[in-house]
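Here is a short briefing for a reader meeting this protein for the first time. Please look over the sequence and the structure before reading on.

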Amino acid sequence: MKFLSAVTLLSAACLAPAAALKSDGISARDDLKIPGDSPLELCPGVHEEDLVTIKSVDLAPNPPQAGKELVIKAKGSVKETIDEGAYVLLTVKYGLIRLISTKADLCEQITNVDLECPVKPGDLEVVKSVDLPAEIPPGKYTVFADVYTADDVQITCLTATVAFKRGGGFFSNEL
């Protein structure tokens, strides 16, 4: 459960500039890649009308490592006020297995990165640290977050893929 909380926090941090993981050699489309040192990309489609522009996201370390602290730095700009009722359609997959498919309240999630609704127009910068649990099973995880206002206007749509490798905590070679 702590891992799922970490994924939600990572999503919130990455979405905070939007409202307020291809690091294993998998090729990214350059036109969709969010600038910075992270696996974050925009979903395929047109994004000129999105209410948020994400300028950069940096993860340290990238890729994230089980049992280690993850520092997330994100910058972005908000075009219009984002009010209560905004939501995230969040899907997390482990390989082909769907772990999470949920609708989350964006205003509740962004409190994890010290923001609150309403989010006023302008530039935002978020820095957040999170301790990832050592028990994250090795494998490829894909996160998809489609974000909307209460009136179903798209704020942004993001995706990331990250591969956790053996070597931390429960799955270490020291067993």
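Where is the place of Pro61? Pro61 sits in the loop between β2 and β3. The model shown is predicted. The points below start with the overall build and then turn to single residues.

**Overall build**

- The protein has two helices and eight strands.
- Along the sequence these elements run in the order α-β-β-β-β-β-α-β-β-β.
- The protein has 175 residues, and 49% of them count as buried.

**Nonpolar core**

- In soluble globular proteins, nonpolar side chains tend to be buried together.
- The largest nonpolar core here holds 41 residues. Ile82, Leu106 and Ile155 touch the most other members.
- Seven elements are named as supplying at least two residues each to this core: β2 (52-60), β3 (69-78), β4 (87-94), α2 (106-109), β6 (122-131), β7 and β8.
- Strand β8 gives the most to this core, with five residues.

**Strand β8 and Phe164**

- Strand β8 covers residues 154-164, and Phe164 belongs to it.
- Phe164 has a relative accessible area of 7%, so it counts as buried; the cut-off for buried is under 20%.
- Phe164 and Pro138 are 26 residues apart along the chain. Their C-alpha atoms are separated by 4.7 Å.

**The salt bridge**

- Side chains of opposite charge can pair when their charged atoms come close.
- The count for this protein comes to one salt bridge.
- The side chains of Asp123 and Lys55 form a salt bridge, at 3.0 Å from N to O.
- Asp123 lies in strand β6 and Lys55 in strand β2, so the pair ties together parts that are 68 residues apart in sequence.
- Asp123 is exposed, with a relative accessible area of 60%. Lys55 counts as partly exposed, at 40% relative accessibility.

**Negative surface patch**

- A patch of negative charge lies on the surface. Asp83, Glu84, Glu108, Asp151 and Asp152 gather there.
- Asp152 lies in the loop between β7 (139-148) and β8.
- Asp152 counts as exposed because its relative accessible area is 51%, and the cut-off for exposed is over 50%.

**Backbone features**

- Most residues other than glycine have a negative phi, and most peptide bonds are trans.
- Ala60 and Pro61 are joined by a cis peptide bond, with omega about 0°.
- A cis peptide bond also joins Asn62 and Pro63, with omega about 10°. Pro63 is placed in the loop between β2 and β3.
- Asp114 is not a glycine, yet its phi is positive, near 65°. Asp114 lies in the loop between α2 and β6.
- Asp114 is exposed, with a relative accessible area of 64%.
- Asp152 is not a glycine either, and has a positive phi of about 65°. Asp152 is in the loop between β7 and β8.

**Points to keep in view**

- Which residue of the negative patch has a positive phi of about 65°? Asp152 is a member of that patch, and has this phi although it is not a glycine.
- Which side chains meet in a salt bridge? Those of Asp123 and Lys55 do.

Methods:
Residues are numbered from 1 along each chain as its sequence is written. This is a predicted model: local features need pLDDT of at least 70, side-chain atom pairs count only at pLDDT 80 or more; totals for chains, interfaces and linings use all residues. Side-chain values use heavy atoms; hydrogens and water are left out. Helices (H or I, at least four residues) and strands (E, at least two) are DSSP runs, numbered from the N terminus. Buried means under 20% relative accessible area, exposed over 50%, partly exposed in between (1.4 Å probe, protein chains only). Patches are made of residues with over 30% relative accessible area and no salt bridge: like charges are joined within 9 Å, nonpolar side chains (Val, Leu, Ile, Met, Phe, Trp, Tyr) within 5 Å. Accessible areas come from the Shrake-Rupley method with a 1.4 Å probe; for residues, only the protein chains shown count as cover. A salt bridge is a side-chain nitrogen of Lys or Arg within 4 Å of a carboxyl oxygen of Asp or Glu. Lys and Arg count as positive and Asp and Glu as negative; His and the chain ends are not counted. The place of a charge is taken as NZ of Lys, CZ of Arg, CG of Asp or CD of Glu. A nonpolar core is a set of buried Ala, Val, Leu, Ile, Met, Phe, Trp, Tyr and Cys residues joined through side-chain atoms within 4.5 Å.
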